[in-house]
Amino acid sequence: MTKQTLLAATAMSLLMGAAQAETLRWARAGDALTLDPHAQNEGPTLALMHQMMEPLVLRNPDGELEAALATDWSVDPDNPEVWTFSLREGVTFHDGAEFTAEDVVFSFERALSENSDMKGLISSVASVEALSDYEVEITTNGPNPLLPAALPNILMIDKDWAEANDTVDVQDVEGGEETFASQNVNGTGPYMLVSREPDVRTEMTAFEDYWGAADFPIGYSDIVYTPIQNPSTRTAALFSGEVDFIQDVPVQDLERIEADPSLKIVSSPQNRVIFYGLNVSDELVNGTPDAGNPLADGQVREAMNMALNRDAIRDVVMRGQSIPAGVIMPPFVNGWNEELNSVSTDIEAAKALMEEAGWGDGFSIQLDCPNDRYINDEAICQATVGMLAQIGVTVNLNAQPKAQHFPLVNGLESDFYMLGWGVPSYDSEYIFNFLYHTKGDLYGTWNGTRYSNPELDEMTKAIAAEVDLEARDEMIAEMWDMAKADTVYLPIHHQVLNWAMDSDVGAAVDPDDQVKVKYFTAD
Amino acid sequence: MSDHQVELQTRRTPGRFARAWDSDLAYSFRRTPVAVVSAAVVLILVLSAVFAPLVAPYDPFDPASLNLMNGFTPPGQPNALTGETFFLGTDDQGRDVFSTILYGMRISLFVGFSAVLLAMVIGVVFGLLAGYVGGWVDSFIMRIADIQLTFPAILVAMLIFGIAKGITPPEYRDQMAIWVLILAIGLSDWVQFARVVRGATLVERSRDYVLAARLVGQRPFAIMIRHILPNVLNPVLVIATISLALAIIAEATLSFLGVGAPPTRPSLGTLIRIGQGFMFSGEWWILLFPAATLLALALAINLLGDWLRDALNPRLR
């Protein structure tokens, strides 16, 4: 090699290096609650983990299923309970270990083990077996035509790594446990964990041996993820160029961001419904003992539902960036229709219902609310305090960060709470399974209402196995009628999703609010 | 002769007000325009806060009276949806900003006064003890004070607030928040009272009148309270005034950080925190008016404190 070519080669590699050394500085309201892929089925937690770990089947930014660690899958034509997934070959974990069928079996078993929060997603899975190094067979309890749609959030980790680091068991988040897996990652994803300080900063760098290095844009060589709880500080960080990309854009700042030529906003209706859950059991957690629970009375719950002025919330609190909801199901989901979604505000009728139920003098209750999770979550709760006061309900607002809020919901320590629910499978079954089914180890894991309806429980399992799609849709409609009649949840709205970013960041908004940086381009 | 005597007596015992009017302090006050203006500002603000239910057109702490549709009404202009007009506009929840400031100032002032009172009582007691008893008691109290001084006061207040919030049952948290704030700010602020009182006590305790009292056989407790305390009160008064301004700001800081007064019963700091979110979007009044009120209140009290310090300082007379 002559001197010139050597020089040219060096210059070339330097240039290429320069072109690729782009850092995406990414901010949103709250941090991931853990790095253990199976410990928390929560949006921002999964969003961060998706950069570093991968499922067999991925949902791409267009909302379509895409082959990730599995290249293709099929159901046995003779037995609809048996699925075969062919795995991608030549995939390595960040530590260099090869990805094989035993890792898939291990990850599924882990996701179905004690403490896992992902059990509800794959509750239909009976067994997972390795047929060869690159072939896995999944058997379901009864036929489940929607199995692939249930898999995008079941992330794969290395069996040997988990065993070597004594982190086979899923972290017990509610018990406050920290494990090796909650702070370290060894996945197959496009980015590797460099450092992490919870609630402060997480750094990631591109994984050189990523299997899809040539298939995806991967416009950024590094990611710095910073949670910024305060809405105006978050916007200010974008304006000042401190960050390149923010989620949870404060609705009051949209106009100003839009007006700035160096910034842009991409938006879409979000696959997420925001609602309140009510404790319908005989006793309140935060009430006077033996005084009874007004929320156990369906009329009271209906009255509260009628007292919520969703249009006012949309116009004032959300500045038009929401779609009022009458059912806890985003419009994308199979089972949704206009009629189910209709709801009206009627204070007089609500008061009459309260009177009829024997609570005409009102009662007092605590509302637990997150303040760093959903758009204007605390302001919505505050507005609710005023709306319920009009029908005599005195609400004590307890707003706190989601890391303290969610354990209250999961630990059945709240009587009245705010929650948001996205539906990654785009099917009603996911909602009934997690939110309406009697709370248990496998089903109803996010049902904080103590609601238990055996008939609905039965049907939840039945629709998971029903292969006749028409009959299935009829069952779903019937279930929604039952669920709506009982008003255990008070729907609020569907958020309009906004991502704001530097104009040279190329990103298509994902209706699930799931950031996948590998699809991002950098100009 | 008798007439003359009567005249003399009236001159010797003038009325209480007249005596105060003639005092050096009042003379200095009348001669200092800054003090007069500050006092007027403080008086107006305190009175309007105390009589807020009479002055304020709305009760912002009654959630049933709020109409969310009134949210974000600009000052003096009718709301686009409801047509109602508000003097200083409304916040994001449709609360009248003027009323909310008055009610919020009540909380700020109440927390400020109570916290300073708490700090003063603790500080004076420990300062007297340390200065008069001396020895290991002195060392012990003053080392604790030194240790506390190494932490920023706001940090200590946040620590106390966090612990108190952790041990109170959630249903009482809203009602307790105010008392916890008082406790947190009061406990973080006693050190300077203690140090000043200790210093003054050290000087006073070797004075002849104290020695005389001891010779007569008075008990130490009585000497501290009856003889020394009145003579160390001047600097305490000055510190208390300046501390009041600082305590109001500390409360605002804690509430601004979201650990103080709850958003449903906002103090000035909570209001500023709420308003801060709308800084970029053109709703400036939600931030500006509460912030200006806080500034006026703290500045006026501080200037009064400054004047008092100069007026009570014999070297500057």
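## Close-up views of a predicted two-chain model

**View 1. Strand 4 and strand 5 of chain A are joined by five bridges.** The two strands run antiparallel, and strand 5 covers residues 82-87. One pair of facing residues can be picked out here: A:Asp72 stands opposite A:Ser86 of strand 5. The model is a predicted one.

View 2. Strands of a sheet pair through backbone hydrogen bonds, which may be parallel or antiparallel in arrangement.

**View 3. Chain A is assigned two domains.** Domain 1 is made of two stretches, 3-229 and 504-522, while domain 2 is 270-496. Their C-alpha centres lie 31 Å apart. The contact takes 26 residues from domain 1 of chain A and 27 residues from domain 2 of chain A. On the side of domain 1 that touches domain 2, there are 10 nonpolar, nine polar and seven charged residues. A UniProt record (unreviewed entry) lists residues 64-440 of chain A as "domain: Solute-binding protein family". That span is 26% helix and 24% strand, and its end C-alpha atoms lie 31 Å apart.

**View 4. Chain A touches chain B.** The contact takes 25 residues from chain A and 22 residues from chain B. Five elements of chain A each supply at least two residues to its side of the contact: helix 6 (231-239), helix 7 (254-259), helix 9 (310-317), helix 12 (377-389) and strand 15 (393-400). Which element of chain A gives the most? Helix 12 of chain A does, with seven residues. By class, the side of chain A that touches chain B has 10 nonpolar, 11 polar and four charged residues.

**View 5. Chain B has 14 helices and zero strands.** Its C-alpha atoms fill a box of roughly 80 × 60 × 30 Å, taken along the principal axes. In UniProt (unreviewed entry), the annotation "transmembrane region" covers several stretches of chain B, including residues 107-132 and 232-257. Residues 107-132 of chain B are 100% helix, with end C-alpha atoms 37 Å apart. For residues 232-257 of chain B the helix share is 96%, and the end C-alpha atoms are 36 Å apart.

**View 6. Helix 10 and helix 12 of chain B pack at an angle of about 145 degrees.** Helix 10 covers residues 190-204 and helix 12 covers residues 220-256, with their axes 9 Å apart. Is the crossing of these two helices left-handed or right-handed? The crossing is right-handed. Among the residues that helix 10 of chain B brings to the contact are B:Phe193, B:Val196 and B:Ala200. Helix 12 of chain B contributes residues including B:Ile228, B:Val232 and B:Pro235. By class, this contact has nine nonpolar, three polar and one charged residues.

Notes: Residues numbered from 1 in each chain as written. Chains lettered and ligands numbered in written order. Predicted model: local features only at pLDDT ≥ 70, side-chain atom pairs only at ≥ 80, totals over all residues. Contact = placed C-beta atoms within 7 Å. Helix = DSSP H or I, 4+ residues; strand = E, 2+ residues; numbered from the N terminus. Nonpolar A, V, L, I, M, F, W, Y, C, P; charged D, E, K, R; others polar. Domains from an automatic or database assignment. Pairing = 2+ DSSP bridges. Axes fitted to C-alpha atoms, helices over the stretch in contact; angles between N-to-C directions. Left-handed = near helix turned anticlockwise from the far one by under 90°. UniProt positions renumbered as here; feature names shortened; annotations may be inferred.
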